[in-house]
Amino acid sequence: MTKEETEEKTKEIKDPKQQYEIEICFSCGKNAIGLDECECGSTQIIYGNGFKKTKDDLFCDCGNNQLRLIGHINMAKFHYYTYSCTKCGNKIGKQSKKNKDDYDYEDDDNE
Ligand SMILES: [Zn+2]
Ligand SMILES: [Zn+2]
């Protein structure tokens, strides 16, 4: 596999959060657009549209804070979880960076 092909392939699915407006650190709530890891050291990034993070909770703009897990993507370096607001269906995602030991390269080997 050439380098170009690899990059093209990863670009498609690499970063589900790119299509959303908000990317913030799950831990400190700071803007974390384009980051794998927040400056505070947290490796969990929340992304989506129309939600707010308070110190301890996450609120959809409809005022609800109940989220249901509806999807999970397991990538080489990240887990992506998709949640849906139980009231209005707004989708909110979480990117969780894996520990180096947990990196999964089998995608690259098999194709
Ligand atoms: Zn942070
Ligand atoms: Zn909602």
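What percentage of the 111 residues of the protein chain count as buried? The share is 16%, and this is a predicted model, so read the views below as computed from it.

View 1. Two helices and seven strands make up the secondary structure of the protein chain. Follow the sequence and you get α-β-β-β-β-β-β-β-α, with the strands run together between the two helices. Take the contacts with a separation of 6 or more: 39% of them link residues 24 or more positions apart.

**View 2. The five-stranded sheet.** Here is an open sheet with its strands in the order β1-β2-β7-β6-β5, paired antiparallel. At the edges sit β1 and β5 (67-74), each pairing on one side only. Direction ignored, neighbouring strands in this sheet are turned by 25° against each other on average.

**View 3. The β5-β6 hairpin.** Zoom in on β5 and β6, a hairpin with three residues between its strands. The two run antiparallel and are joined by seven bridges.

**View 4. The β6-β7 hairpin.** On to β6 and β7 (residues 91-97), which pair in the antiparallel sense, again over seven bridges. Y81 turns up here too, standing opposite K94 in β7. So which residue in this hairpin takes a positive phi? That's G89, with a value near 85°, in a hairpin that has five residues between the strands.

**View 5. The largest nonpolar core.** This core has 13 residues, and the ones touching the most other members are I45, I46, L58, L67 and I92. Four strands each supply at least two of the core's residues: β1 (22-25), β2 (44-48), β4 (58-60) and β6 (78-85). The largest share, three residues, comes from β2.

**View 6. A close look at L58.** L58 is among the core residues that touch the most other members. Which residues is L58 in contact with, once its neighbours within four places in sequence are left aside? They are I46, F51, K53, N65, L67 and I92.

Methods
Residues numbered from 1 in each chain as written. Chains lettered and ligands numbered in written order. Predicted model: local features only at pLDDT ≥ 70, side-chain atom pairs only at ≥ 80, totals over all residues. Core = buried A, V, L, I, M, F, W, Y, C linked by C-beta atoms within 7 Å. Buried ≥ 20, exposed ≤ 12 C-beta atoms within 10 Å, placed from the backbone. Contact = placed C-beta atoms within 7 Å. Pairing = 2+ DSSP bridges. Axes fitted to C-alpha atoms, helices over the stretch in contact; angles between N-to-C directions.
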